[in-house]
Amino acid sequence: MTLKAIQATSTGRNGVGSFILQCKRLDFHYCDWAGSSRGMNLFLQHNLPRFAASHPSIEIHVSPRPHRHPVIRGHFINGTQHSICVRNLEKGQIQQKAEILRDMSGEKARRVRGGKVVGSLNEGTRGIWSPFHGAKAPSFER
């Protein structure tokens, strides 16, 4: 008698195991006339079609803004927007800025401060330290 293996396939449950990009839309604003948009115009002609094809879940909008510096604006699932000015940047640098917006979570930047490393709702097993605990301090009187 031979045994046959059962082929098991995993099923996704409630989005677990799948990654959803937080960036839902990227707006590319440029100027045809201004010299600060030279890199943006080259990016739009050469790199943007490949970038858009490799990220089909991100909506891409391209619009001219005459007499203004070029800007990339990211719109996120949580409703926030982040803008990056890309004036006088080369097309490779603009690609990096677009990838930064693509990878952002959309959350507001927070400062990480030092302090309590571990937070807990339970009190420690040894209790709370106090300078009045422990043995009496030695006396230096004669």
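Reply: Two strands pair if DSSP finds at least two bridges between them. The model under discussion is a predicted one. In this model, 4 strands form an open sheet of mixed pairing, and their order is S2-S1-S3-S4. The edges are taken by strand S2 (59-64) and strand S4 (81-85); each has a single partner strand, so one side of each lacks a neighbour in the sheet. From one strand to the next, the twist averages 15°.

Strand S1 (residues 23-30) pairs with strand S3 (residues 71-76) in the antiparallel sense, over 6 bridges. Within this pairing, arginine 73 in S3 is the bridge partner of aspartate 27. Helix H1 (residues 38-54) packs on the sheet, where it touches S1, S2 and S3. The direction of H1 makes about 160° with that of S1. Helix H2 (residues 91-103) also packs on the sheet, touching S1, S3 and S4, and its direction makes about 15° with that of S3.

Strand S1 is also joined to S2, by 6 bridges, and these two strands run parallel. Here arginine 25 stands opposite glutamate 59 in S2. Together, S1, H1 and S2 make a right-handed β-α-β unit.

Against this background, is aspartate 27 buried or exposed? Its relative accessible area is 7%, and buried means under 20%, so aspartate 27 counts as buried. Its side chain takes part in polar contacts. One, of 3.2 Å, joins the side chain of aspartate 27 to that of arginine 25. Another, of 2.7 Å, joins the side chains of aspartate 27 and histidine 75. When neighbours within four places in sequence are left aside, aspartate 27 is in contact with His61, Val71, Ile72, Arg73 and His75. Arg73 in this list is the bridge partner in S3 already described.

The cysteines deserve a brief remark as well. Cysteine 23 has a relative accessibility of 2% and therefore counts as buried. Cysteine 85, at 39% relative accessibility, counts as partly exposed. The structure holds 0 disulfides.

Note on methods
Residues numbered from 1 in each chain as written. Predicted model: local features only at pLDDT ≥ 70, side-chain atom pairs only at ≥ 80, totals over all residues. Heavy atoms only, no water. Axes fitted to C-alpha atoms, helices over the stretch in contact; angles between N-to-C directions. Contact = heavy atoms within 4.5 Å. Buried < 20%, exposed > 50% of the residue type's maximum accessible area, 1.4 Å probe, protein only. Polar contact = N/O pair within 3.5 Å; in protein donor to acceptor, adjacent residues only side chain to side chain. Disulfide = S-S within 2.5 Å. Right-handed = clockwise from strand over helix to strand, strands pointing away.
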